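Colleague: I have a model open and want to learn how to read it. Where do we start?

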Amino acid sequence: MNLELIWDNLPQLLKAFLVTLELSAVSIAGSTAIGLVVGALRTSRVPVVSQLARAYVEIFRGSPLPITLLFVYFGAALYLGYSVELFVASAVGLSIYHGAYVAEIFRSGIEAVPTGQREAAQTLGLSPMQTFRYVVLPQTRRIVFPPLIGQYISLIKDTSIAFVIGMVELMKAGQAIVDRTAEPVPVYLTIAALYFVICYPLSLWVRRNERKIVPA
Amino acid sequence: MTATTAKEQSIASSIQLRAVTKAFGSVQVLKNIDLDVASGKVVVLIGASGSGKSTVLRIMSGLETADSGEVVVGDVPMHDPKRAPEIRGHVGMVFQQFNLFPHLNALGNVTLALRKSLKMSKAEAREVGLRCLERVGMQDRCANYPSQLSGGQQQRVAIARALAVNPRIMFFDEATSALDPELVGEVTSVMRSLAADGMTMVVVTHEMGFAHRTADRVVFMDDGVIAEQGSPEQVLKDPQHPRTQQFLARVLEA
Amino acid sequence: MLYQWRSVLEYLPDFLRAMGLTLWITLLAFALALVCGLGAALARNSKNAVLRLGAGAYVEIVRNTPVLLQIFVVFFALPSFGLRMDAVTAGTVAIGVNVGGYLCEVFRAGISSVARAQREAAQVLGLSSRQAFISVIAPQALRNVYPATVNNLIQVLLGTSLLTAIAVPELTGVATVINARTLLFVQVFAIALVLYLVLSNALSFASGLLGRVLFKPPLEQVRPGLWPVRRARTITTTAEVAA
């Protein structure tokens with residue numbers, strides 16, 4: 001195997017890896033914000049609201065990420081011109097898409113809190129907002145965290161799919177090197193190692209903390 | 001349940017425990033247990049939770065192995081790991097949480113062991129199974145799945161399942177503890193009728209009424225030892241050991 | 001507006017053909033995933049340390065690197081080792097192997113999810129451990145893993161869209177081609193989106209029906225959360241049982 005090739009291209013790959021990490025961090029924040037709102041709306045007692053939230057979840061969980069990314073990319077290009085920042089388009093697409101999965105995680109966490117908790121908070125005079133913030137949400141923590149981190153792992157790996165709209169992150173940068181050098185094996189091994197280094201520790205954490213149920 | 005095979009006939013139905021000890025990790029659950037149950041007798045084990053009653057049952061039924069001491073159930077020396085498996089299918093066990101198989105209906109639960117370990121034909125197993133369900137008053141619910149039955153009904157099916165292999169000894173591990181109070185009666189009445197038929201029974205229970213009316217002997221366990229035993233009259237009405245007195249005072253108060 | 005839709009709908013036969021290829025790859029890759037998952041689950045529980053380690057490495061590598069990378073490895077890197085496949089085969093293999101890693105963990109969790117008490121109940125009844133596995137553990141484990149397995153089938157479907165990166169003419173790939181030709185991205189990707197939703201809902205609906213036939217008592221919901229059905233604890237009456 002061509003170790004020199006890896007060495008020569010390592011700076012380039014590491015720079016792209018940094019982009020992957022940035023894209024992951026921004027999209028994790030975005031999908032969590034969306035997921036929290038949609039998940040809470042999903043448990044709303046106003047039928048229109050909960051049904052809209054459900055439709056959101058259904059659409060994105062039933063369609064592939066490239067479609068969302070292409071939609072966002074071409075949509076942004078149409079209204080903002082092709083100078084649209086690929087990073088922004090990728091982050092928005094990833095956030096919207098993974099937000100649907102995150103919403104389901106929050107919803108199941110919220111629903112696992114017994115109604116008695118809500119009733120007790122109500123009789124104490126807390127507003128619905130306060131009840132959610134101070135009584136319900138803190139109790140979802142233990143249920144929500146393991147699958148949430150699991151979802152973040154998927155998201156980190158999915159940043160590679162920004163490839164389809166031409167975003168230069170680790171995957172795309174690596175493929176460019178493969179195209180140039182025709183040496184796929186060392187390049188792919190390096191890329192795999194970089195993803196693995198981030199995802200594996202998180203996976204271990206999830207496994208240690210998840211409840212022993214069949215993952216759905 | 002009238003047809004008993006020669007093999008089953010040969011198994012005696014008495015139980016002897018001699019100097020039995022058992023520890024889970026650093027916790028000594030059984031310290032030095034001697035207990036005899038004669039054929040056809042009903043022995044009720046009472047005591048606070050953690051006193052070791054359930055462990056005694058689990059050792060007698062082969063689910064746990066004693067650390068030391070002798071355990072003879074029927075004529076199987078349970079302390080001999082090579083021979084202990086012989087007891088399987090010759091004793092019945094009824095669990096607190098029923099442990100019915102959720103993917104099988106009532107009849108399926110009762111006939112599983114008949115089909116698989118006694119190799120009965122489907123028709124034969126069905127006949128025996130229905131008879132066992134009838135014995136506990138559940139024949140008209142034979143097609144229901146456990147999730148479609150009340151707790152009391154589930155426990156009666158569990159008793160029928162245990163009876164199906166025609167055991168000579170039945171163990172009941174807090175069989176009524178998970179039931180709503182109004183459902184306890186239907187299960188204890190089945191247990192009483194079994195006792196009346198001469199079944200050897202060891203029963204862990206908190207139902208003092210059952211103990212008083214049905215037991216031949218009541219054994220009070222405390223912290224891994226047998227603190228006191230005797231007739232229900234003696235132990236329940238005139239307990240000698242201070243721990244027994246405390247325990248009964250608390251139970252009867254509740 | 002209507003004219004735009006009409007000009008995209010002219011491509012409907014191409015869309016439908018691509019949808020067919022997507023479904024075909026999905027089913028093949030899922031079959032491969034079932035085989036890989038089951039094999040790996042058995043290997044991970046085996047007494048042979050080499051098998052155990054190998055299966056463990058397979059699962060961890062596959063789950064902690066992107067599918068897209070795995071697709072590229074099969075399509076671009078394996079030929080360096082003399083394994084040359086066309087794009088459809090390479091994509092099917094990559095996705096099947098990938099989802100197999102997830103199914104392995106599902107199957108393992110399924111077996112250990114059957115309560116110890118069930119084993120004990122079978123043991124007291126005199127069933128051998130083999131009999132207990134076949135008659136008591138496996139049916140319950142299958143039932144427990146069914147919803148998660150169906151979810152993985154959906155993941156296979158969604159994963160096939162990545163094969164556009166190696167120029168497989170599946171739904172996403174064909175949509176991008178039509179988009180390049182018509183520049184009507186809203187219409188093009190909306191149609192692709194709807195067709196994916198049709199596929200994913202059809203697959204989970206069919207799996208739900210299958211689950212109802214396969215399991216007794218019938219499974220009530222296959223994808224919890226998406227189709228929220230109140231869990232009804234029906235007590236069948238004596239009359240119904242007799243009927």
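Modeller: With a definition. A salt bridge is a side-chain nitrogen of Lys or Arg within 4 Å of a carboxyl oxygen of Asp or Glu. Keep in mind that this model is predicted.

Colleague: How many salt bridges are there between chain A and chain C?

Modeller: The count is one. The side chains of A:Arg207 and C:Glu60 form it, at 2.9 Å from N to O. Five residue pairs are in polar contact between chain A and chain C, both residues at pLDDT 80 or more.

Colleague: Which helix gives the largest share of the side of chain A that touches chain C?

Modeller: α8(A), with 11 residues. Other elements supply at least two residues each, including α2 (47-61) and α6 (128-158) of chain A. In total, 43 residues of chain A and 50 residues of chain C take part in the contact. Together the two chains bury about 3800 Å², 72% of it on carbon and sulfur atoms.

Colleague: Now a single helix. How do I read its faces?

Modeller: An α-helix has 3.6 residues a turn, so residues three or four places apart point the same way. Take α6(B): its buried residues include B:Leu183, B:Val187, B:Met191 and B:Leu194.

Colleague: What follows α6(B)?

Modeller: B:Gly198, with a positive phi near 90°.

Methods. Residues are numbered from 1 along each chain as its sequence is written. Chains are lettered from A and ligands numbered from 1 in the order in which they are written. This is a predicted model: local features need pLDDT of at least 70, side-chain atom pairs count only at pLDDT 80 or more; totals for chains, interfaces and linings use all residues. Side-chain values use heavy atoms; hydrogens and water are left out. Buried means under 20% relative accessible area, exposed over 50%, partly exposed in between (1.4 Å probe, protein chains only). Helices (H or I, at least four residues) and strands (E, at least two) are DSSP runs, numbered from the N terminus. Contact means heavy atoms within 4.5 Å. Buried area is the accessible area (1.4 Å probe) that two parts lose on being put together, summed over both. A polar contact is a pair of N or O atoms within 3.5 Å; within protein, one must be able to donate a hydrogen and the other to accept it, and residues adjacent in sequence count only if both atoms are side-chain atoms.
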